[in-house]
Amino acid sequence: MQRKRTRKAGVVTAMAAAFAFTAGAQAAEVQKVHEKGLKPYEIVDGVSIPKSLTGKAGDPKRGAKIVVKRKKGNCLACHKINQLSDYPFHGNIGPELTDVASYMKEGEMRLRLVNPKVLNPDTIMPAFYRVEGLHRVMKKYEGKPVLTDQEIEDVIAFMKTLKASQ
Ligand code: HEC
């Protein structure tokens, strides 16, 4: 299901690139986003946030902790990750992430975490780095993203270690 969508996005990007080429334009399509209180970032070609939100790489060990924590990433509620099999109850609502580093680039992972609605408006995966356009939001969470910029980078650093062959 998801693979199909990813491929479709790839085709659209390729078509956009071909069109841009014929039109004589070289530059990728860049969308600048700056929500109040969050670091600004750029979405490139609607599929990727290539640059680190903190300007640095995150820490994979801290990332793993955030992934399992219920009140942080809680990723295991929806995703199976074999490398974290010490933790119980892996969900299957989303695709398994055991081999995610083999087929996803860092920038694609970043957009997926920051705001998955850009990729799939109907997704049930939460946006982890947004403060606008959210539905839940109890008073005490207002203006705060689920994960900080540093935590997003830590989770990405962890995901980059996820290869089935290791
Ligand atoms: C409420 C369920 C839910 C939670 C919680 C969740 N996700 Fe997802 N995730 C999904 C679904 C469903 C998809 C499939 C794509 C879609 O629906 O847009 C997905 C897709 C993904 C993908 C793309 C995988 C692929 O094969 O294309 C990645 C990477 C990902 N999630 C990482 C995470 C991480 C890391 C966390 C925790 C920080 C997380 N997700 C939390 C539901 C969830």
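At what angle do the axes of helix α2 and helix α5 cross? In this predicted model, the axes cross at roughly 100°. They come within 7 Å. Angles of 65 to 115 degrees count as roughly perpendicular, so α2 is roughly perpendicular to α5.

**The helix contact**

Both helices bring residues to this crossing, as listed here.

| Helix | Residue range | Residues in the contact |
|---|---|---|
| α2 | residues 60-68 | P60, R62, G63, A64, I66, V67 |
| α5 | residues 149-159 | Q150, E151, D154, V155, A157, F158 |

Sorted by class, the contact of α2 with α5 has seven nonpolar residues, two polar ones and three charged ones.

**The iron site**

Which protein residues are donors of the iron atom of the ligand? They are H79, through NE2, and M125, through SD. These donors lie 2.0 to 2.2 Å from the iron atom. H79 sits in the loop between α2 and α3. M125 sits in the loop between α4 and α5. The two are 46 residues apart, so the pair links distant parts of the chain.

Is H79 buried or exposed? Its relative accessibility is 11%. Buried means under 20%, so H79 counts as buried.

**Helix α4**

Helix α4 spans residues 106-114. This helix is mostly covered, with seven of its nine residues buried. The buried residues are G107, M109, R110, L111, R112, L113 and V114.

Technical notes: Residues numbered from 1 in each chain as written. Predicted model: local features only at pLDDT ≥ 70, side-chain atom pairs only at ≥ 80, totals over all residues. Heavy atoms only, no water. Axes fitted to C-alpha atoms, helices over the stretch in contact; angles between N-to-C directions. Helix = DSSP H or I, 4+ residues; strand = E, 2+ residues; numbered from the N terminus. Parallel < 35°, antiparallel > 145°, perpendicular 65-115°, else oblique. Contact = heavy atoms within 4.5 Å. Nonpolar A, V, L, I, M, F, W, Y, C, P; charged D, E, K, R; others polar. Donors = N, O, S within 2.8 Å, 3.2 Å for Na, K, Ca; no water. Tetrahedral: all angles 85-135°; square planar, octahedral: opposite > 155°, others 65-115°. Buried < 20%, exposed > 50% of the residue type's maximum accessible area, 1.4 Å probe, protein only.
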